[in-house]
Amino acid sequence: MSTPHVVVVMGVAGTGKTTIGPLLAAELGVPYAEGDDFHPAANIAKMSAGTPLDDSDRWPWLDAIGQWAHGRAGLGGVVSSSALKRVYRDRLRAEAPGVVFLHLTGDRALIEERMAERKGHFMPTALLDSQFATLQPLQDDEAGVAVDVSGTPEEITQRAVAALRRLEA
């Protein structure tokens with residue numbers, strides 16, 4: 001990509017944001033920031049206990065991600081954030097107006113299978129239904145692309161790069 005955008009890799013838990021984000025960043029030659037690292041300890045404790053976050057939990061987290069993205073404006077970067085609701089993406093855009101979203105999408109059964117296989121992550125598969133219930137896909141007036149998560153991480157990353165290049169063109 002010729003313009004150094006900040007790309008927010010979004011989607012429900014288990015779509016591979018933490019896997020695809022660094023691969024995409026490497027492919028684009030920009031830094032990666034793990035969205036989960038912006039959560040306060042109270043959020044992680046809540047999710048670890050199987051309790052979904054509410055909006056009041058999410059605002060400081062989204063603001064912190066938005067501030068990171070704002071600091072990378074014109075330089076480029078990739079950051080992960082579920083960004084499930086339009087209002088969350090609007091909040092990120094308020095901090096960093098030029099962000100572009102990469103929505104990782106996929107079959108619920110595949111995502112649940114991948115969640116069950118991962119080790120050491122605080123998000124239990126029990127919260128997957130709440131994630132899908134909350135999800136509001138990208139709308140036509142939002143800068144971004146959707147990419148299916150079937151296949152290998154490398155295949156998904158290549159589809160993402162191609163989709164982002166088409167968006168830029």
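Q: Why is Phe132 called partly exposed?
A: Phe132 has a relative accessible area of 28%. Buried means under 20%, exposed means over 50%, and partly exposed is what lies in between (1.4 Å probe, protein chains only), so the 28% of Phe132 puts this residue in the partly exposed class. A word on the background: this is a predicted model, in which local features need pLDDT of at least 70 and side-chain atom pairs count only at pLDDT 80 or more, while totals for chains, interfaces and linings use all residues. Numbering runs from 1 along each chain as its sequence is written, and side-chain values use heavy atoms, with hydrogens and water left out.

Q: Which residues does Phe132 touch, not counting residues up to four places away in sequence?
A: Contact means heavy atoms within 4.5 Å. On that basis Phe132 touches Val12, Gly106, Arg108 and Ile111. Phe132 itself is found in helix H6, residues 128-134; helices (H or I, at least four residues) and strands (E, at least two) are DSSP runs, numbered from the N terminus.

Q: What makes Gly21 count as buried?
A: The relative accessibility of Gly21 is 0%, so this residue counts as buried. Gly21 sits in helix H1, and its C-alpha atom is 6.3 Å from that of Val9, twelve residues apart along the chain. Setting aside neighbours within four places in sequence, Gly21 is in contact with Val9, Gly16, Tyr32 and Val78.

Q: Is Thr157 buried or exposed, and how do you know?
A: Thr157 comes out at 3% relative accessibility, so it counts as buried. This residue of helix H7 is in contact with Ile20, Leu23, Leu24 and Glu27, leaving aside neighbours within four places in sequence.

Q: Why does Glu155 count as partly exposed?
A: Glu155 is also found in helix H7. Its relative accessibility is 41%, so Glu155 falls in the partly exposed class.

Q: What makes a set of residues in this model a nonpolar core, and how many residues has the largest one?
A: A nonpolar core is a set of buried Ala, Val, Leu, Ile, Met, Phe, Trp, Tyr and Cys residues joined through side-chain atoms within 4.5 Å. The largest one here has 18 residues, and Val7, Val9, Leu24, Val78, Leu102, Leu104 and Val147 have the most contacts inside it. At least two of its residues come from each of strand E1 (6-10), helix H1 (17-28), strand E4 (100-105), strand E5 (144-148) and helix H7 (153-168). H7 gives the largest share, five residues. Another core, of 15 residues, lies apart from this one, and includes Val6, Met10, Ile65 and Ala69. As a general point, nonpolar side chains in soluble globular proteins tend to be buried together.

Q: How do you know that the buried residues of H4 line one face of the helix?
A: The buried residues of H4 are Arg86, Tyr88, Arg89, Leu92 and Arg93. Viewed down the axis of H4, they fall within an arc of 160°, so they line one face; the arc is that of the directions from the helix axis to the C-beta atoms. What they pack against is E1, H3 and E4.

Q: What is the angle at which H3 and H4 pack, and what is their crossing called?
A: Helix H3 (residues 55-71) and helix H4 (residues 86-95) pack at about 35°, with axes 8 Å apart. Axes are lines fitted to C-alpha atoms, for helices over the stretch in contact, and angles run from 0 to 180 degrees between N-to-C directions. The crossing is right-handed: a crossing has that name if the near helix is turned clockwise from the far one by less than a right angle, and is left-handed if anticlockwise.

Q: Which classes of residue make up the contact of H3 with H4?
A: There are six nonpolar, three polar and five charged residues. Ala, Val, Leu, Ile, Met, Phe, Trp, Tyr, Cys and Pro count as nonpolar, Asp, Glu, Lys and Arg as charged, and the others, Gly among them, as polar. The contact includes Trp59 and Leu62 of H3, and Val87 and Tyr88 of H4.

Q: Why are Ser82 and Ala83 called buried?
A: Ser82 has a relative accessible area of 13%, so it is buried. Ala83 is at 0% relative accessibility and therefore counts as buried as well. Ala83 is found in the loop between E3 and H4, and its phi is near 45°, a positive value in a residue other than glycine.
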